[in-house]
Amino acid sequence: EAKQSGGGMGWHRAGTNISYRRNDYVYSKKKEGKPKSYYTLQFLFEPAHNRDTCYFAHCYPYTYSDLQLSLMELEADEQRKPLVTRTELCRTLAGNRVDLLTITQASPELRSQEQPKPSILRSA
């Protein structure tokens, strides 16, 4: 928090000696019966400031605002715009949009130009 309050670095990748490996612990689901392994994420982190508060996440946070920005950029992209339809499905209790994205083939006119087919993958 020290860097964030003093000018803001925001979320960033940090740590050394990062490893993710299967450990010695196993579990089994009753229906399947086959043993499954647990995994361990291990890393070394040294804070830059004494007594600072640091937050850890397995991946960068992807906020609702990030999602909305990505969707607006997608709608503004003239090449992808014909492939995607964004429809408001409903609103959350907080009033936020819940969008339905329909991704489909380009029109026959666009297909006849033999351009590579764009791909879009969004996960929230």
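Two strands pair if DSSP finds at least two bridges between them, and helices (H or I, at least four residues) and strands (E, at least two) are DSSP runs numbered from the N terminus. With that in hand, here are the close-ups. This is a predicted model, where local features need pLDDT of at least 70, side-chain atom pairs count only at pLDDT 80 or more, and totals for chains, interfaces and linings use all residues. Residues are numbered from 1 along each chain as its sequence is written, and side-chain values use heavy atoms, with hydrogens and water left out.

**View 1. The whole protein chain, for orientation.**
The protein chain has three helices and four strands, arranged along the sequence as α-β-β-α-β-β-α. Of its 124 residues, 9% are buried; buried means under 20% relative accessible area, exposed over 50%, and partly exposed in between (1.4 Å probe, protein chains only). The accessible surface comes to about 11000 Å², with 52% of that belonging to carbon and sulfur atoms. Accessible areas come from the Shrake-Rupley method with a 1.4 Å probe, and for residues only the protein chains shown count as cover. Taking contacts between residues at least 6 apart in sequence, 34% link residues at least 24 apart, where contact means heavy atoms within 4.5 Å.

**View 2**
Strand β1 spans residues 16-28 and is hardly covered, with one buried residue among its 13. Its partner is strand β2 (residues 35-44); the two run antiparallel and are joined by eight bridges. Look for S19, which stands opposite Q42 in β2. Six residues lie between the strands of this hairpin, and in the turn G33 has a positive phi of about 75°.

N23 sits in strand β1. Is N23 buried or exposed? Its relative accessibility is 16%, so N23 counts as buried. Leaving out residues up to four places away in sequence, N23 touches Y38, Y39 and T40. With T40 there is also a side-chain to side-chain polar contact of 2.8 Å. A polar contact is a pair of N or O atoms within 3.5 Å; within protein, one must be able to donate a hydrogen and the other to accept it, and residues adjacent in sequence count only if both atoms are side-chain atoms.

E88 belongs to strand β3 (residues 84-91), which pairs with strand β4 (residues 97-103) in the antiparallel sense over seven bridges. Which residue of β4 is the bridge partner of E88? That is D99, 11 residues away in sequence, with 4.6 Å from C-alpha to C-alpha. Beyond its neighbours within four places in sequence, E88 is in contact with R97, V98 and D99. The side chain of E88 also makes a polar contact of 3.1 Å with the side chain of R91. E88 counts as partly exposed because its relative accessibility is 35%. Five residues separate the two strands of the hairpin, where G95 takes a positive phi near 90°.

R80 lies in the loop between α2 (64-76) and β3. With a relative accessible area of 33%, R80 is partly exposed. R80 and I103 are 23 residues apart in sequence, and their C-alpha atoms are 9.6 Å apart. Two cysteines complete the tour: C54 is partly exposed at 31%, and C90 is partly exposed at 37%. The structure holds zero disulfides, a disulfide being a pair of cysteine sulfur atoms within 2.5 Å.
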